[in-house]
Amino acid sequence: MISKEEVKDIAQIAKLKFDDDELESFTEKFSLVLDFVHHINVVDTDGVEPCYGIGDENGFFKEYEKEQTLDREEVLKNTTESEYGYFKILKVVE
Amino acid sequence: MDITNLKSWELRDKILNKEISSYEVTEAFLEKIDEVEDEINAFITIDADRALEKAKQFDQKLMEGEEIGILAGLPIAIKDNIMTRNLRTTCASKMLEKYIPPYNATVVEKITREDGIILGKTNMDEFAMGGSTETSYFGPTRNPKNKSFVPGGSSGGSAAAIAAQESALSLGTDTGGSIRQPASYCGVVGIKPTYGLVSRYGVVPMSNSLDQVGVFGKDVKDAYIALKSIVGYDPLDATSSKKAKLEDIKFEEISLKGLKIALPKEYDELRVEGDQEIREVFKKSLKVFEDNGATIEYVSLPYLKYALETYYLISTAEVSTNLSRFDGIRYGHRALDYNTLDELYINSRTEGFGEETKRRIMMGTYALSQGYKDEHYKKALKLRTLIKNDYDRVFRNFDIILSITSPILPFPFDSVINSPVDMYKADTYTVPVNLAGLCAMSVPMGEVDGLPVGLQITANRFEEKKLFTAAYGFERSAK
Amino acid sequence: MSYKTLVGLEIHVELMTERKMFCNCKNEFGSMPNTNVCPVCLGLPGALPVMDKQAVKYAIMAGIAFNCEIDNTIIMDRKSYFYPDLTKGYQISQSDFPLCKGGFLEITLKEGTKKIRLERIHIEEDTGKQIHTDHGTTLLDFNRSGVPLIEIVTKPDINSAEEARLFLEKLKNTIKYIGISDVKMEEGSLRCDVNINVVDEDKGIKSNISEIKNLNSFKSVVKAIEYEQERHIALLESGKNTDKETRRFNELTGETILMRKKFQASDYRYQFEADLSKIKLSDDWIKEIESTMPELPDQKKKRFIEQYNITEYDASVLTQSKELSFFFEELVSLIEDSKLAANWVMTDVMRRLNEEDKEIAKLNLSAQSLAELLNYVKSGKINNNTAKKVLREMLETNKTASFIIEKNGLIQISDEDELEKIIDEVIKENQQSIEDFKNGKDRALGFLMGQIMKKTKGKANPNTANKILIDKINGN
Ligand SMILES: [Mg+2]
Ligand SMILES: [Zn+2]
């Protein structure tokens, strides 16, 4: 069982927020899912190599021909605010 | 005559014979969209003017005797998590409600090169998370076979677009069944290709080690044409395979004789409520294979029992990082109200993402966080190896594995969705295929209570030809 | 009371590859904001990374130069954190499988050489840049996003600010030698974080580690370590301890200030980067890189001692920077006299470099032009003192040696008849000195030579003049 506080902590890491009502039902659903995934703990996986990629082919390096550099207009067209060719947000000094 | 009920391969022949133009075909599908879309809601964005313009250009090209691509002026609909340059791409999320991509996915480039006519962008579960297309910010898609039922998901819009004859062909993506399950629910053919067969470049990842772009068509030959147009190695996708190719298939020569079929015992043990009638249809389908000279044997894949858990840990872990880039800064929804950096992130993301998306991000963040990583994420990666090994062993002796696609029938709106675990369980048969990077196809095998049910055919990596052999052999004989 | 300072460094070095690490944008500094970006380095939805081969090659070269063990399989990870200059919410980096493991670098102390061990060298991508304006906004430029980096992590083997400085200089020099980065701290292509704590060896207690970020010069590194060292010791002595925290160095005050409590490294949620298939590197390729490695500073030093017959000290000075060593070798090849070349580089050239706090490349002097001057010395056409004056004028006016020598008529007088006339005059005018010399006062000879130089405006060939003078005094 996961607590509301734990859910809040995870939300902070994930940069999400739930109001109290949501938090209640969310914690409940979340607990169900967690109980469900905990089944795998019974499997002995000692000495098993984790799966880092499903294919057996060796990876490859980049080819240089495919250049995709964008015009600045296109770079900035989906942002809310820009200025002097920069993306702009309110000052957020820590 | 309504040409939208013709198969794509029939339309293709007619276009190439100049019996009918691509413009006429495109127009016919656009008219059908006009007619049914209010009810079906298969599309998020329809690109009618550009489609007609492209069709006209294609007809000109055909007239001038230029070389013609495999799609030959056929209309095709694209799932809305695949980037289309200058055409809005939303992932069915408020987060990307207004997003206009500055580039094309490789599959979109290929479709254009193969003379496909892009009709628009199809509806889906938000960021491809869900099995009903109910989590879309743009409202649910309805199942054309019965409009009070879901079409399945997450590629529900692409499946419904075929079933409702709104498009000749369509593209979807499949992470744990998101093509095969809606294909089953809508009574069409859907293929999830081998991981690495189709480029993922420009496809918004849900879970990048599991996602694969695939296709929908009315029948097996339609699906073949669609898949043929998008396969291939892509230097822009480091997970694409240099072996990625789809052989030419002579459908008229296909025979099921000698096909070696495996049935995993574990599937029989995994009972889901109400699946008895679907199993009956499945048994009849098996008989079709046997009657045509295929052999069937039971096999054991012991680690299949843990496939769902493994899938949910790996996929949510990947979801959590794949969706981190949506921070409201460079694109996507930005909250108006923020005073600190944290507020910028938290408010933008909380407003921009829907509930299911947030739940999976949370789950993945938890699975990766310190103290839990080894028992969750790492453990799941190890189980994935064990599951893959199980399949490797089976495919040493068998050509294909058969199962039902979904253990449940299409369900009414707002029914299953409130229980996430039940919703996950519906993916029992489809999820292991993605974990092992295999290819699989869902073909209609009959109906229960007037609702379509699909047969899932699974083959080893890069053995798509075997899928087509089995599927076409079945489709032809089951008629 | 005896305290031991433990310093570990984390050094980020931008690699001078042709392209960025995962896309084909150019890897260049100073473009207009957001003009050198693409879907991949902007982190647009759907864009995928593909690994740059040159970046891997350069990282392997660093690994070889620093004596590391090279892992032949590349597996990348996602390091998750939210920050405005980070486009994807994660940095593609390496956690469990660094490309280079272990290794060391030797520094030269008065007491001898000391090995500073490395923990690892891994590859990762750089972030974009933030500009905080005066009117309450932050501007973001992603041209730097995706530039390949290596992160070099040392073990806490550094025990003083001076050792840290020596280590960084050696590291910078070595990286320049192998040509994988321009290592300019002022442009951010070399960045250094310091981890420091002190051990009270008598009481056997340790202070908690402070991490000091954003150090942008070697001087700051030195000052920050000195400041922190004192701060830690003072706290321990008053019976307290430091907090585990991240601090920032203020260049104006020379103090460090608290940035944030605890390490935010606490949860990066490292995850295997499934967008990049693992790449197994062929042994042949690694061997090829090994066999085509440029000469390293220590190797060059050894060769200089043997090949040019110069002292160890001279050799270590001459190999301190790659450019200086190249300058020296070119000079030797032009004048075919390694002693003369070493003397001139070690004295006059180095003095000038130190005076102006410059590197050889920035000095107005090529090996060819210095060689021209030294060939005048070698052939006896001018003497050493004249040459020194000419060099000074060369550096000031940027004129060639031959131009200056001819303009000022500085070719020395080696003609014996001409010198004899002048020496006769000097002898006539300085009889007292002649007597002194004969009476054993060697210094008198110097005075007489000085008089000869005065009369010839310094142009007399000193060897010839000396010989004639002695002959004459001895009555020949
Ligand atoms: Mg780093
Ligand atoms: Zn780029």
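**The magnesium site and a ring cluster**

Mentor: Three protein donors hold the magnesium ion (ligand 1), namely H12(C) through NE2 and E124(C) and E151(C) through OE, at 1.9 to 2.5 Å. Donors are N, O and S atoms within 2.8 Å of the metal (3.2 Å for Na, K and Ca), and sites may look incomplete because water is not among the atoms. The model is predicted, so local features need pLDDT of at least 70 and side-chain atom pairs pLDDT 80 or more, whereas totals for chains, interfaces and linings use all residues. Residues are numbered from 1 along each chain, chains are lettered from A and ligands numbered from 1 in written order, and side-chain values use heavy atoms, without hydrogens or water.

Along the chain, the donors of this ion follow the spacing H-x111-E-x26-E. H12(C) belongs to strand β1 (residues 3-14) and E124(C) to strand β8 (residues 112-125) of chain C, so distant parts, 112 residues apart, are linked (strands are DSSP runs of E, at least two residues; helices are runs of H or I, at least four; both are numbered from the N terminus). H12(C) is buried at 14% relative accessibility, and E124(C) is buried at 2% (buried: under 20% relative accessible area; exposed: over 50%; partly exposed: in between; 1.4 Å probe, protein chains only).

Y99(B), F127(B), F326(B), Y331(B) and F353(B) are linked into a cluster by ring pairs (Phe, Tyr or Trp rings, the six-membered one for Trp, with centres within 6.5 Å; planes under 30 degrees apart are stacked, over 60 edge-to-face, the rest tilted). F127(B) is buried at 3%, and F326(B) at 1%.
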